[in-house]
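Biologist: I am new to this structure and would like to go through it slowly, one question at a time. Could we begin with a term that will be needed later on?

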Protein chains: 2
Amino acid sequence: MSSDVLATLVPQPVSASARPGSLALPAQVGIWRDDGAAAAADLLTIELSRATGLRFAPAAREAAQIVLHSDGDSGEHYRIEIDERRASISGSPAGLIHGVYTLRQLLPAANWRAAPLPGVAWNLPACLIEDRPRFGWRGCMLDTARHFSPKQTILRFVDLLAMHHFNRLHLHLTDDQGWRVEIKAFPKLTEVGSHRANTGLGFAVSATEPHDGTPHGGYYTQDDLREIVAYAAARGIIVMPEIELPGHARALIAAYPEFGCLPDEPVDVGTYFGISRDLVNPLPHTIAALETIFEELLTIFPSPWIHVGGDEAPLERWRDSPAIRAHIASLGLPDAEAMRTWFTAHFAEFLNARGRRLVGWDEIIHYGGLTPSSVIMSWRGEKGGMKAAQEGYDVLMAPVFPTYFDYAQDEGADEPLSIGQSVLLEDVYAYEPSARWPDKASFDKVLGVQCQLWREVILDEAHLEYMAFPRVCALAEVAWSETRDDFAAFRQRLAHHLARLDAYGVNYRPLAGPRPWQQGGAGRKAYQPRFNLKEALANLDQWAESGEPPAEHLAD
Amino acid sequence: MSSDVLATLVPQPVSASARPGSLALPAQVGIWRDDGAAAAADLLTIELSRATGLRFAPAAREAAQIVLHSDGDSGEHYRIEIDERRASISGSPAGLIHGVYTLRQLLPAANWRAAPLPGVAWNLPACLIEDRPRFGWRGCMLDTARHFSPKQTILRFVDLLAMHHFNRLHLHLTDDQGWRVEIKAFPKLTEVGSHRANTGLGFAVSATEPHDGTPHGGYYTQDDLREIVAYAAARGIIVMPEIELPGHARALIAAYPEFGCLPDEPVDVGTYFGISRDLVNPLPHTIAALETIFEELLTIFPSPWIHVGGDEAPLERWRDSPAIRAHIASLGLPDAEAMRTWFTAHFAEFLNARGRRLVGWDEIIHYGGLTPSSVIMSWRGEKGGMKAAQEGYDVLMAPVFPTYFDYAQDEGADEPLSIGQSVLLEDVYAYEPSARWPDKASFDKVLGVQCQLWREVILDEAHLEYMAFPRVCALAEVAWSETRDDFAAFRQRLAHHLARLDAYGVNYRPLAGPRPWQQGGAGRKAYQPRFNLKEALANLDQWAESGEPPAEHLAD
């Protein structure tokens, strides 16, 4: 039995060896833990009490069935040793959390249900597992702006990321199409900015394309976000917020036109997609307001990293505005590009002064203005990341191919709505972040990898889970496992692992292709965008030479 | 403080009096409980550990902060006494569960979050509460057939019903538009019957009306349903399944045409709504198959009550079929009506022989064939229930007005998609089941009340929560509270109670009307059906004189 279970672990541990026998958990499970293992013991108790019906209580070390021991280190390593008398997990405090999730993979998949099924025997296979992650950043970005999900979806996603040993959740909280975080100093951000009248069908890029005629919106209160942060922290995940600036900020400008470039031409919250010409202005009253917004944000998110966006910001509105031109001159700066550098530098320093590090999309490396602790998120392929690493910055790899999970999982006509074709499960599994890297010293600046769930065309919760899974399982392996087996072997492990997703009720894409009712994509299949990923990548290579997107790619 | 909290309880307890002071729960909460209180103690531990961050562990009775004592009775009564040293809940084992939920209403609303918020003090107001329900059946029906929700939505709904002291969840698992329960003996029920190619927009009643072009479907595995049953049971709720027969069975007939009346004219799973002419046939091979289906169902659902549908079944296909006419004659029966009586009698006896009671919609009283233990669910107004009670049957009150929560909550144009106008929160609160009853003896046959969430036009999870809340809160009061205050006083209590729904992230209708993004109803607002509830009720009064719906109301 035991070797069977070890062959279903996702992500694959560094080493795992089966031993004879198994540990049958009794109705009353004794837990012994030291102080550093308190969080892991609480997590294990909370998660398994509900699912198994077993009762967990503190016990003396010798009598305990589960022993949790912290070595006090700062890493994420752990070691599981199970024999017929007890399961011992040792490791760093953070590593113990991963040990708990591996222990859950060793138990019957039913431990992912919300209540005990009759007749399940809660046995753990005797084994020895030694494990630690390859990358320190194993992230997933959820776009809550284009389509909003209620907080319970985010909490559920935290569970699913934790199941796969992820440790970062990047919440894209603001964009042209919506502002999702309550800011008490600026109530109109949510009163006005959190909803739109309408949504363009497919990837509409102008108001004249067909729209759905239905309002959409929602936002998280500060307490909702504090709850998400605490829930994620208990599961080993840091939540990094993103306030997108200076572009992709139309919802902010709709709420407060005085922070935009055309205060006499108010805009509405964006109803269509693409790259907007609307930018926040860099004038002092706006900078002061943004600082206030960030001050509130920092009270919600203890994350050492704060994402300020920075992608797809055409500077024409800064160039065209007499007031902004005058301000640029008053600062002694030569042009809008230099103002952009000032803007990034200002918030990099603002965050550093408060003990945080700025993170931005790779456009920001073009302008500079970064403090040494800043982190570049490479999305336009890998070149931005390479350039940043060579300049000495830490780097996160989030290249469109193969980490944008809004692209279809297959080229079949039965796939649901997607942004375009296609990022295969096999592509994700084959992703080797170091493969194209010029030298090892700069690759050492790569903190890790991250997948992206942009939501222009991911409309509801079921569709979100479909697009995420099982590609998240493959990326988990890229992010965690030092060595990987071939795709066929992974696929075989995954086929068993899917039973865990079934137990949790996840609407994943079956390996054989979508179920009949998964083929729609929230009723918008007729509006499938026609992006071809390979063409898009060629464009991106060109874009990556510049800080601004080509003018012909701007939305109305 | 304490009296403030008591004034926010929903449903209102029989008696509640404040005392001076409060109990501050410490970081380590000791629980003492006797054997009969084990389930309540487990529930309290599981639910509050996650939300509060406090640790709960068994303690000696004198040292415990929470004491749970069972009186071993069979009712649902409980008594809470809180002073500055401890909170004691005593009552029947089932009542203790309600006591736990009242205790949660006495705690800060944040106990409905998934993780502890910083700075919340877990204080309980000193008080004495004595409580018991007015009705033994406090139910809610979820239609999973017309639009499917994943199992996590059902689990969440269980939490919300338990919060409001409901004790029955009626799952409408099959209908013309979908079959949602895995039956191992008949795999095509889910392979074929669990999904449809398309859905008619609004309340389309023919294939020629506009459809959405999107497949829809899904089903619950037997393990999913066992999980729901166990989860609900731990929260004091019995799950009653419904297999709708002999009408509203097109999904079954699509999967197995040999169980229909026109085996040479196969049908697809229904894509539009209304009353279908398709019925299962009453021939021996079909009866045997249905028995097999019920046998499997009974292994999943321990519920003493099994709902077999029975509404809206026009008998013309039975009358028109030579094979069925011959079978009726061979049984020595005079006509299709007598066959219908035989059909009900057969399954009533089948269920009784297995220790269960048949429940059916009020049409079945017209035909008879009921065993004495059968239960009538009165939906076509109250007359069917009154007739059944006078004939000696137990009765459940589920009248369209005011318990059909697919009708709009208000007449405003800003309400989202609904089946028609309108069942106001005030209408629900004003519902007095005994008001129009002819005599007390027959009213004593009323087991309780139930609200219905039919889902022809309730398309997604957010819309479902909107239609349910806060009307469920008002029905909770009708079902539980022996005495009720006036609507203004209820509204005031409710305004505070909504903080609990906020903490749980419920998409309820605010008392002031829908939020901008709640006005759409899953993007189908343009297809709002035009039913006027008052006209519909006049129709129903006429229908209620007959077992069959008027021919002019049949769908294509």
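Modeller: Before anything else, a word on handedness: a crossing of two helices is called right-handed if the near helix is turned clockwise from the far one by less than a right angle, and left-handed if it is turned anticlockwise. Please also keep in mind that this is a predicted model.

Biologist: Then which hand does the crossing of H2(A) and H3(A) have?

Modeller: The two helices pack with their axes 8 Å apart, at an angle of about 20°. Angles under 35 degrees count as roughly parallel, so H2(A) is roughly parallel to H3(A). As for the hand of the crossing between H2(A) and H3(A), it is right-handed.

Biologist: How far does helix H2 of chain A reach from its first C-alpha to its last?

Modeller: This helix covers residues 38–52 of chain A and has 15 residues. At 1.5 Å a residue the expected value is 21 Å, and the model comes close to that expectation. After the helix comes A:Gly53, with a positive phi near 75°. The reach of H2(A) from first C-alpha to last is 21 Å.

Biologist: How many of the 15 residues of H2(A) are buried?

Modeller: The buried residues of H2(A) include A:Ala39, A:Leu48 and A:Thr52, and charged ones such as A:Glu47 and A:Arg50 are also among them. The helix is described as mostly covered, and the number of its residues that are buried is eleven.

Biologist: Which helix of chain B is included in what covers the buried residues of H2(A)?

Modeller: Within chain A, the cover includes strands S2 (28–33), S3 (55–58) and S4 (66–70), along with helices H3 (93–106) and H6 (222–234). The cover also draws on the other chain, and the element of chain B that it includes is helix H2 (38–52).

Biologist: Which element supplies the largest share of the side of chain B that touches chain A?

Modeller: In this interface, 40 residues of chain B are in contact with 40 residues of chain A. Elements of chain B that each supply at least two residues to that side are H2, H4 (151–163), S13 (216–217), H6 (222–234) and H17 (461–468). By class, that side of chain B has 17 nonpolar, 13 polar and ten charged residues. The largest share, six residues, comes from H6(B).

Biologist: Is B:Ala255 buried or exposed?

Modeller: B:Ala255 lies in helix H7 (residues 250–255) of chain B, and, leaving aside residues up to four places away in sequence, it touches B:Trp179, B:Lys188, B:Leu189, B:Val192 and B:Gly193. A residue needs 20 or more other C-beta atoms within 10 Å to be called buried. Because B:Ala255 has 22 C-beta neighbours inside 10 Å, it counts as buried.

Biologist: Where does B:His248 lie, and what is its phi?

Modeller: B:His248 is among the residues that B:Gly309, in strand S15 (residues 305–309) of chain B, touches. With 28 other C-beta atoms within 10 Å, B:His248 is buried. Its place is the loop between strand S14 (238–245) and H7 of chain B, and, although it is not a glycine, B:His248 has a positive phi of about 50°.

Biologist: What is omega for the cis peptide bond that joins B:Val10 and B:Pro11?

Modeller: B:Pro11 is found in the loop between helix H1 (2–6) and strand S1 (15–24) of chain B. Chain A has a cis peptide bond from A:Gln421 to A:Ser422, with omega near -20°. For the bond joining B:Val10 and B:Pro11, omega is about 0°.

Note on methods: Residues numbered from 1 in each chain as written. Chains lettered and ligands numbered in written order. Predicted model: local features only at pLDDT ≥ 70, side-chain atom pairs only at ≥ 80, totals over all residues. Helix = DSSP H or I, 4+ residues; strand = E, 2+ residues; numbered from the N terminus. Expected span 1.5 Å × (residues − 1). Buried ≥ 20, exposed ≤ 12 C-beta atoms within 10 Å, placed from the backbone. Contact = placed C-beta atoms within 7 Å. Axes fitted to C-alpha atoms, helices over the stretch in contact; angles between N-to-C directions. Parallel < 35°, antiparallel > 145°, perpendicular 65-115°, else oblique.
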